[in-house]
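Please look over the sequence and the model before reading on.

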Amino acid sequence: VKTAALDVSGLPEVGFGHRSLLWWGTICLMAIEGTAFALVVMSYIYLKGRVAHWPPGFAPPGLFWGTTNLIILLASSVPNQLAKKASERFDVRGVQLWMVVCLIFALAFNIVRAFEFTTLNVRWDSNAYGSIVWTILGMHTVHVITDFADSLVLTILFFTGPIDEHRFVDISENAMYWYFVVLAWIPIYAVIYLAPRIF
Amino acid sequence: VSEGLTGVPLLTDQDERLTSDFLEGEERKLRDTWKYAEGFFGWCAETDHKRIGRRFVITAFVWFAMAGVLAALMRIQLSRPENTFLGPDLYNQIFTTHGTTMMFLFAVPVWLGLAIYIVPLQVGARSICFPRLVAYAYWMFLFGGIFLYTNFFLNTGPDVGWFSYPPLAGAEYGIGKRPDVWAQLITFSEVSSLATATAIVCTVLKLRTPGMSLNRIPLFVWSMLVVSAMIIFAMPAVMVSSTCLILDRLVSTHFFNQAEGGDPLLWQHLFWFFGHPEVYIIFLPALGALSEIISTFTGRPVVGYVSMILSLIATAFIGFGVWVHHMFATGLPQLGQSFFTAASIMIVAPTSVQIFNWIATVWTARRLRLTTPMLYALSFFFIFIIGGLTGVMLAAVPLDRQVHDTFFVVAHFHYVLIGGSVFPLLGTVTFWYPKLTGRLMSEGLGKLAYWLLFVGFNLTFFPMHLLGLAGMPRRVYTYPASMGWGGLNMLASLGAAVMALSLLIYLVNVVVSLRSGALAGNNPWGVATLDGATASPPPAYNFVPSPTVGSREPLWHSEISPPPVVGLSAAKREVLVTRVLDAEPDHRYEMPGPSIWPLVSAIATSVMFVWSIFNPWGVVWGSIPITAALVLWFWPKRGVPPARLAADAAAGHLTPREMVS
């Protein structure tokens with residue numbers, strides 16, 4: 001008769017970072033989305049190789065709004081990191097404060113994004129260059145809107161409840177996903193705004 | 001992070017939680033905690049991995065039967081020259097729907113479904129990771145299939161081949177909504193596969209029972225981990241390309257329009273960047289299952305465990321570097337062709353390592369048992385190797401150019417896919433049927449179906465090699481009598497009838513054995529893995545107490561009996577989360593139970609997908625109900641008001657540890 005046992009009742013009921021299931025799920029999601037971004041960028045480069053002049057027949061996209069958004073996104077890392085740290089301390093007030101600041105940044109980003117679309121200097125149906133530029137920017141916009149909606153719901157939840165320890169993990173993983181959206185924007189910015197000027 | 005988040009598992013001795021009295025009480029509580037949802041509403045809200053996995057498998061076999069009927073119709077049409085049984089337009093829809101179903105609605109989801117069922121059992125977990133996401137994946141898969149076949153019966157089935165090349169599928173030539181139906185079916189099935197792959201990756205990495213370090217994971221689980229990773233990196237390519245195709249057709253973008261700077265070859269690159277890994281996504285699960293079957297019926301571990309895993313991983317990596325061999329006929333630069341020929345031939349190496357390991361395993365069998373699953377496994381060697389050899393031929397550019405778009409290619413990929421995936425699948429279903437149903441399938445009917453399938457398959461597809469070499473193109477609805485192809489085509493059609501008969505017998509066996517099969521018990525075949533350590537079918541909570549492992553073949557080594565897990569709550573759906581590399585216990589985690597919201601979300605997503613075929617604003621308006629459904633899905637039921645947590649924390653009498661419990 002076996003009598004030795006592995007007693008796990010002393011283990012905690014929550015873990016942050018790579019200890020948590022949600023972190024791994026988010027990593028998978030980032031891998032999926034990252035692959036999709038890489039493929040549209042490859043398609044951009046492929047289409048560029050099909051024509052003699054790039055961008056074909058149109059002025060490059062205006063730099064002002066895109067660069068503004070690059071700055072907004074990079075700056076949003078600060079409240080994002082503070083919200084993440086607050087969640088890992090189970091600090092309700094800190095989470096509330098920094099999530100609201102994050103939301104303001106995300107909202108500003110989305111508004112500026114609307115202006116970005118107006119200064120691309122090409123329509124999606126003008127030619128293949130226009131199609132790929134609109135698609136890349138559109139894909140990134142979907143991510144920013146999605147994460148804005150995510151953050152909004154989590155923030156409301158942190159004011160209304162009910163919350164328990166798992167919701168702090170949600171905040172932490174939401175912050176990690178926001179980093180993905182920020183980091184993805186750097187190469188995408190370079191492709192949309194710098195590539196037409198360099199080549 | 002803080003001391004409240006760490007704890008250590010204790011090794012106890014003389015633990016009274018292992019006495020039979022205590023375990024009986026524990027089982028009663030667990031049965032209540034993990035009980036299946038009841039009634040129609042409960043059926044819709046079910047999230048148990050065994051129920052969902054079973055549904056996945058059954059649904060996939062329904063689509064398999066539909067596509068099989070389509071194949072039979074094609075064989076009737078081609079059985080003699082200048083036949084008028086089917087017209088060209090219907091024939092186009094039939095071969096496209098057949099291929100699309102087999103690739104997207106059968107071959108991938110059926111293995112994922114088996115994995116949803118078996119993987120948590122083999123890693124000793126009480127649940128799959130993200131059970132509600134898996135339920136959502138099932139509904140998306142179901143609705144995708146219904147969407148395709150509804151269109152097929154409305155005469156708007158896709159008709160431009162399963163890889164839907166523009167310009168034929170593009171805005172200019174693609175008729176009506178047919179190519180859009182194809183493109184959106186892809187979105188349905190890829191959302192489903194990506195969600196399932198994520199759940200499988202997280203289950204394998206984080207829910208393995210203590211002791212199951214990476215080098216003790218069963219080979220089927222390893223293969224599903226590798227396949228899931230491939231899905232994550234391959235399927236975005238077809239989602240991107242099919243989205244671009246819909247955009248071209250709906251809002252006049254020009255991705256594939258040569259006249260406006262686009263390029264139809266961009267489609268082929270994106271599609272085959274997915275499409276070749278897809279072959280391995282279909283084939284690697286079969287390799288994992290074959291290892292389990294061969295090991296069980298030879299009574300010994302598979303030779304070369306580490307080399308088996310490294311081969312799986314190598315195949316996955318090389319599989320991403322060979323897509324251009326589908327495009328040799330498009331006039332690519334010669335250097336590119338040579339590179340991809342070399343890569344395609346290189347992939348033979350890891351596959352051969354596995355085949356030699358299996359041969360060595362059978363050769364040195366402790367006790368060889370030629371059961372039905374083992375017959376299917378052994379026929380893999382014969383059929384798949386023929387398919388593999390014609391694959392090596394096709395990897396050579398001159399030969400590929402000669403037989404491109406002929407029946408030689410049709411013969412090749414049916415040998416690879418049926419030999420490499422369907423034969424192992426039918427063996428695997430026979431192998432795991434007792435685990436799913438509690439009864440064994442009849443060996444007599446099983447062997448009869450097997451031999452008929454083996455003969456019928458070779459009769460159907462071997463002649464196609466010769467037809468292809470004789471120049472018969474694929475995807476033509478008929479051919480003139482003067483070509484002299486009638487005899488071999490008739491032979492192939494007769495073979496198809498034998499295959500149909502065999503699959504019918506297989507089905508009868510499945511149905512009849514549900515009632516009259518011999519009772520299986522926990523481990524009828526004597527498997528080495530943890531799925532044999534629980535009842536057949538397993539209880540909703542899978543294990544009590546949860547076993548741990550001390551070797552790769554835990555059920556064959558009774559002399560190593562590691563202590564089982566105690567201390568998981570029976571009052572809630574608690575699972576043990578472990579660490580990635582060595583599966584040390586890390587924390588306890590409460591899994592969510594049944595929920596109606598995955599179904600509601602899947603319905604909302606389906607509405608948006610279908611709407612967006614007709615109107616681009618469908619994406620915008622259709623997203624609103626999806627968002628609402630997802631918020632309701634996520635919105636927690638348990639917890640306390642934030643103000644109370646904040647006040648308690650400010651008063652300083654609450655550590656995270658206390659808040660956590």
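The notes below turn to salt bridges between and within chains, and then to a nonpolar surface patch.

This is a predicted model, in which local features need pLDDT of at least 70 and side-chain atom pairs count only at pLDDT 80 or more, while totals for chains, interfaces and linings use all residues. Residues are numbered from 1 along each chain as its sequence is written, chains are lettered from A and ligands numbered from 1 in the order in which they are written, and side-chain values use heavy atoms, with hydrogens and water left out.

**Salt bridges**

- Over all chains, a search of the whole structure finds 22 salt bridges (a side-chain nitrogen of Lys or Arg within 4 Å of a carboxyl oxygen of Asp or Glu).
- K572(B) and E13(A) meet through their side chains in a salt bridge at 2.9 Å, N to O, and this pair crosses between chains.
- E13(A), K572(B), E574(B) and R588(B) are linked in a network of salt bridges.
- The side chains of R19(A) and D586(B) also form a salt bridge (2.9 Å, N to O), and R19(A) and D586(B) are both buried (under 20% relative accessible area, with exposed meaning over 50% and partly exposed in between, using a 1.4 Å probe and protein chains only).
- D586(B) also meets R579(B) in a salt bridge of 2.8 Å, N to O, where R579(B) is partly exposed at 39% relative accessible area.

**Nonpolar patch**

- A nonpolar patch on the surface, with about 790 Å² of accessible area together, includes W611(B) and I624(B).
- Helix α18(B) gives the most to the nonpolar patch, with 5 residues, and I624(B) lies in this helix.
- Patch residues have over 30% relative accessible area and no salt bridge, like charges being joined within 9 Å and nonpolar side chains (Val, Leu, Ile, Met, Phe, Trp, Tyr) within 5 Å; accessible areas come from the Shrake-Rupley method with a 1.4 Å probe, and for residues only the protein chains shown count as cover.
- Helices (H or I, at least four residues) and strands (E, at least two) are DSSP runs, numbered from the N terminus.
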